[in-house]
Amino acid sequence: VVHDELDLDVSVVKLKTEGGHGGHNGLRDSIKALNTKAFNRLRLGIGHPGNKSQVADFVLHAPNKDELQHIQNAMVDALQVIEQVVKGDMDAAMKNLPTKV
């Protein structure tokens, strides 16, 4: 499952093998549909608006041009390990995934 992640800065991409939904409606639906929390996730950082009350509006609007470029770059980074993810080799994928700090 690929999803946007408020808890990661824009341009950061990370892999995770399982977990809860953390309030993310898409993950909530995925967990319900799959009937498990144990599935691979590709988390694309979108940043946080800074205030919890602004989250809903933030995630429902398109990113600005600069943010969009960073998100697209993160997607390109993720494509470098997608074959490993599909094959189930998450350890190798996590090791080889380009990370930004």
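Predicted model: local features only at pLDDT ≥ 70, side-chain atom pairs only at ≥ 80, totals over all residues.
View A. Helices (H or I, at least four residues) and strands (E, at least two) are DSSP runs, numbered from the N terminus. S30 counts as buried because its relative accessibility is 16%; buried means under 20% relative accessible area, exposed over 50%, and partly exposed in between (1.4 Å probe, protein chains only). Setting aside residues up to four places away in sequence, S30 touches V1 and F39, with contact meaning heavy atoms within 4.5 Å.

View B. Helix α1 covers residues 25-34, and its buried residues are L27, S30 and I31. They lie on the same side of α1 because they cover an arc of only 100 degrees around the axis (the arc is that of the directions from the helix axis to the C-beta atoms). As a reminder, an α-helix has 3.6 residues a turn, so residues three or four places apart point the same way. The buried residues of α1 pack against β1 (2-5) and β3. Turned away from that buried side is a face with the exposed residues N25, D29, K32 and A33. Just after α1, N35 takes a positive phi of about 60 degrees.

**View C. The largest nonpolar core.** Eleven residues make up this core: V13, L15, L42, L44, A74, A78, V81, V85, M90, A93 and L97. The term stands for a set of buried Ala, Val, Leu, Ile, Met, Phe, Trp, Tyr and Cys residues joined through side-chain atoms within 4.5 Å. At least two core residues come from each of β2 (13-16), β3 (41-45), α3 (65-79) and α5 (90-96). Leaving aside neighbours within four places in sequence, V85 is in contact with L15, N40, M90 and A93.

**View D. Two salt bridges.** A search of the whole structure turns up two of them, each a side-chain nitrogen of Lys or Arg within 4 Å of a carboxyl oxygen of Asp or Glu. E5 pairs with R43, their closest N and O atoms 3.2 Å apart. This pair links distant parts of the chain, with E5 in strand β1 and R43 in strand β3, 38 residues apart. Both E5 and R43 are buried. E83 pairs with K87, with the closest N and O atoms 3.1 Å apart. Here E83 counts as exposed because its relative accessibility is 53%, and K87 is exposed too, at 65% relative accessible area.

Note on methods:
Residues numbered from 1 in each chain as written. Heavy atoms only, no water.
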